[in-house]
Amino acid sequence: MVKERGSRGNVPDLLAQEASARAEVAALGKREFLEQFQKLAKSYSADPGNPGSYACTGCERCANCMFCRDCDSCYQCTHCTRCELCNNCSHCVDCKQCHQCAYCVQSENCTGSAYVVLCRNLSDCNYCFGCVGLSKKDFHILNVPFPRTEYFKQVKRLREEMGI
(Lines give C-alpha, C1' and ligand atoms only; values in the text may rest on other atoms or scores of the structure.)
Protein backbone atom coordinates (compact mmCIF):
# COMPACT_ATOMS: atom_id res chain seq x y z
CA MET A 1 0.00 0.00 0.00
CA VAL A 2 2.64 2.58 1.05
CA LYS A 3 5.26 3.08 -1.64
CA GLU A 4 8.86 4.06 -1.12
CA ARG A 5 10.09 7.19 -2.90
CA GLY A 6 11.99 6.28 -6.05
CA SER A 7 15.11 7.89 -7.44
CA ARG A 8 13.65 8.42 -10.94
CA GLY A 9 10.88 10.67 -12.13
CA ASN A 10 10.32 14.38 -12.09
CA VAL A 11 9.75 16.41 -8.95
CA PRO A 12 5.99 17.07 -9.41
CA ASP A 13 5.36 13.32 -9.85
CA LEU A 14 7.39 12.48 -6.75
CA LEU A 15 5.59 15.12 -4.70
CA ALA A 16 2.23 13.79 -5.87
CA GLN A 17 3.26 10.21 -4.97
CA GLU A 18 4.41 11.34 -1.52
CA ALA A 19 1.17 13.26 -0.94
CA SER A 20 -0.84 10.23 -2.01
CA ALA A 21 1.16 7.93 0.28
CA ARG A 22 0.70 10.32 3.22
CA ALA A 23 -3.05 10.41 2.58
CA GLU A 24 -3.18 6.60 2.53
CA VAL A 25 -1.27 6.36 5.82
CA ALA A 26 -3.43 9.05 7.42
CA ALA A 27 -6.57 7.05 6.52
CA LEU A 28 -5.36 3.78 8.08
CA GLY A 29 -7.13 2.37 11.11
CA LYS A 30 -5.38 0.39 13.82
CA ARG A 31 -5.81 -2.99 12.12
CA GLU A 32 -4.69 -1.76 8.70
CA PHE A 33 -1.76 0.11 10.22
CA LEU A 34 -0.56 -2.99 12.08
CA GLU A 35 -0.93 -5.11 8.92
CA GLN A 36 1.17 -2.65 6.91
CA PHE A 37 3.72 -2.48 9.70
CA GLN A 38 4.02 -6.28 9.77
CA LYS A 39 4.50 -6.35 5.99
CA LEU A 40 7.29 -3.77 6.23
CA ALA A 41 9.01 -5.62 9.08
CA LYS A 42 8.75 -8.94 7.26
CA SER A 43 10.13 -7.55 4.00
CA TYR A 44 13.04 -5.93 5.87
CA SER A 45 13.99 -9.09 7.73
CA ALA A 46 13.71 -11.15 4.53
CA ASP A 47 16.05 -8.85 2.58
CA PRO A 48 19.68 -9.80 3.29
CA GLY A 49 21.00 -6.77 1.37
CA ASN A 50 23.75 -4.52 2.67
CA PRO A 51 22.94 -0.99 1.47
CA GLY A 52 25.84 1.42 1.37
CA SER A 53 28.37 -1.22 2.39
CA TYR A 54 31.69 -1.78 0.64
CA ALA A 55 33.77 -4.96 0.34
CA CYS A 56 31.74 -6.90 2.91
CA THR A 57 31.51 -10.68 2.48
CA GLY A 58 28.90 -12.97 3.98
CA CYS A 59 27.16 -10.08 5.76
CA GLU A 60 23.38 -9.71 5.98
CA ARG A 61 21.25 -6.64 6.73
CA CYS A 62 24.30 -4.43 7.39
CA ALA A 63 24.37 -0.79 6.29
CA ASN A 64 27.27 1.52 5.51
CA CYS A 65 29.88 -1.01 6.65
CA MET A 66 33.30 -1.62 5.11
CA PHE A 67 35.54 -4.68 4.94
CA CYS A 68 33.42 -6.78 7.31
CA ARG A 69 32.86 -10.54 7.19
CA ASP A 70 29.86 -12.63 8.24
CA CYS A 71 28.18 -9.85 10.25
CA ASP A 72 24.43 -9.45 10.76
CA SER A 73 22.44 -6.22 11.19
CA CYS A 74 25.41 -3.93 11.84
CA TYR A 75 25.69 -0.23 11.01
CA GLN A 76 28.79 1.76 10.05
CA CYS A 77 31.24 -0.90 11.20
CA THR A 78 34.62 -1.51 9.63
CA HIS A 79 36.87 -4.58 9.60
CA CYS A 80 34.55 -6.54 11.93
CA THR A 81 33.99 -10.31 11.81
CA ARG A 82 30.91 -12.29 12.91
CA CYS A 83 29.37 -9.37 14.81
CA GLU A 84 25.63 -8.84 15.33
CA LEU A 85 23.65 -5.65 15.91
CA CYS A 86 26.77 -3.52 16.39
CA ASN A 87 27.23 0.06 15.25
CA ASN A 88 30.25 2.26 14.70
CA CYS A 89 32.63 -0.54 15.70
CA SER A 90 36.04 -1.29 14.26
CA HIS A 91 38.08 -4.50 14.21
CA CYS A 92 35.71 -6.39 16.54
CA VAL A 93 35.21 -10.17 16.42
CA ASP A 94 32.19 -12.20 17.61
CA CYS A 95 30.59 -9.22 19.38
CA LYS A 96 26.89 -8.50 19.91
CA GLN A 97 25.14 -5.18 20.42
CA CYS A 98 28.36 -3.20 20.87
CA HIS A 99 28.47 0.50 20.08
CA GLN A 100 31.51 2.64 19.27
CA CYS A 101 33.94 -0.11 20.25
CA ALA A 102 37.28 -1.14 18.77
CA TYR A 103 39.32 -4.35 18.86
CA CYS A 104 36.80 -6.17 21.07
CA VAL A 105 36.42 -9.96 21.12
CA GLN A 106 33.42 -12.05 22.19
CA SER A 107 31.87 -9.15 24.07
CA GLU A 108 28.25 -8.02 24.39
CA ASN A 109 26.45 -4.75 25.03
CA CYS A 110 29.61 -2.68 25.42
CA THR A 111 29.81 1.03 24.59
CA GLY A 112 32.81 3.23 23.87
CA SER A 113 35.27 0.51 24.85
CA ALA A 114 38.44 -0.89 23.28
CA TYR A 115 40.54 -4.03 23.64
CA VAL A 116 37.99 -5.86 25.77
CA VAL A 117 37.64 -9.65 25.66
CA LEU A 118 34.76 -11.78 26.98
CA CYS A 119 33.13 -8.73 28.55
CA ARG A 120 29.51 -7.72 29.11
CA ASN A 121 27.87 -4.36 29.70
CA LEU A 122 31.01 -2.21 29.80
CA SER A 123 31.02 1.52 29.20
CA ASP A 124 34.12 3.55 28.30
CA CYS A 125 36.54 0.80 29.36
CA ASN A 126 39.87 -0.26 27.86
CA TYR A 127 41.90 -3.44 28.25
CA CYS A 128 39.44 -5.55 30.22
CA PHE A 129 39.20 -9.36 30.19
CA GLY A 130 36.14 -11.22 31.46
CA CYS A 131 34.58 -8.17 33.08
CA VAL A 132 30.92 -7.31 33.61
CA GLY A 133 29.22 -4.00 34.31
CA LEU A 134 32.25 -1.73 34.61
CA SER A 135 32.37 1.92 33.62
CA LYS A 136 35.48 4.02 32.89
CA LYS A 137 37.93 1.31 33.99
CA ASP A 138 41.19 0.11 32.43
CA PHE A 139 43.32 -3.01 32.92
CA HIS A 140 40.82 -5.22 34.75
CA ILE A 141 40.43 -9.01 34.78
CA LEU A 142 37.17 -10.37 36.24
CA ASN A 143 36.48 -6.84 37.54
CA VAL A 144 39.77 -6.83 39.51
CA PRO A 145 42.27 -4.05 38.69
CA PHE A 146 45.79 -5.03 37.61
CA PRO A 147 48.95 -3.01 36.98
CA ARG A 148 49.48 -2.61 33.23
CA THR A 149 52.40 -5.06 32.87
CA GLU A 150 50.77 -7.68 35.09
CA TYR A 151 47.53 -7.33 33.11
CA PHE A 152 49.20 -8.19 29.81
CA LYS A 153 51.07 -11.12 31.37
CA GLN A 154 47.89 -12.62 32.85
CA VAL A 155 45.83 -12.01 29.69
CA LYS A 156 48.46 -13.72 27.56
CA ARG A 157 48.35 -16.75 29.86
CA LEU A 158 44.54 -16.83 29.93
CA ARG A 159 44.25 -16.44 26.14
CA GLU A 160 46.62 -19.37 25.62
CA GLU A 161 44.77 -21.58 28.09
CA MET A 162 41.37 -20.66 26.63
CA GLY A 163 42.45 -20.81 23.00
CA ILE A 164 41.35 -17.26 22.24
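This is a predicted model: local features need pLDDT of at least 70, side-chain atom pairs count only at pLDDT 80 or more; totals for chains, interfaces and linings use all residues.
Local features need pLDDT of at least 70 and side-chain atom pairs pLDDT 80 or more, while totals for chains, interfaces and linings use all residues. Residues are numbered from 1 along each chain as its sequence is written, and side-chain values use heavy atoms, leaving out hydrogens and water.

**View 1. A nonpolar surface patch includes Phe37.** Phe33, Leu34 and Phe37 make up the patch and together have about 300 Å² of accessible area (Shrake-Rupley method, 1.4 Å probe). Phe37 sits in helix 2, residues 30–46. Helices are DSSP runs of H or I with at least four residues, and strands are runs of E with at least two. Phe37 counts as partly exposed because its relative accessibility is 45%; buried means under 20%, exposed over 50%.

**View 2. Ser107 is a buried loop residue.** Its loop runs between helix 2 and strand 1 (114–117). Ser107 has 0% relative accessibility, so it counts as buried. A polar atom of the Ser107 side chain lies 3.0 Å from the backbone oxygen of Val105. The Ser107 side chain also reaches the backbone nitrogen of Cys119 at 3.2 Å. Beyond four places in sequence, Ser107 contacts (heavy atoms within 4.5 Å) residues including Asp94, Cys98, Val117 and Arg120.

View 3. Strand 3 (residues 138–141) pairs with strand 4 in the antiparallel sense over two bridges. His140 has Pro145 of strand 4 as its bridge partner.

How values were computed:
Patches are made of residues with over 30% relative accessible area and no salt bridge: like charges are joined within 9 Å, nonpolar side chains (Val, Leu, Ile, Met, Phe, Trp, Tyr) within 5 Å. A salt bridge is a side-chain nitrogen of Lys or Arg within 4 Å of a carboxyl oxygen of Asp or Glu. Buried means under 20% relative accessible area, exposed over 50%, partly exposed in between (1.4 Å probe, protein chains only). A polar contact is a pair of N or O atoms within 3.5 Å; within protein, one must be able to donate a hydrogen and the other to accept it, and residues adjacent in sequence count only if both atoms are side-chain atoms. Two strands pair if DSSP finds at least two bridges between them.
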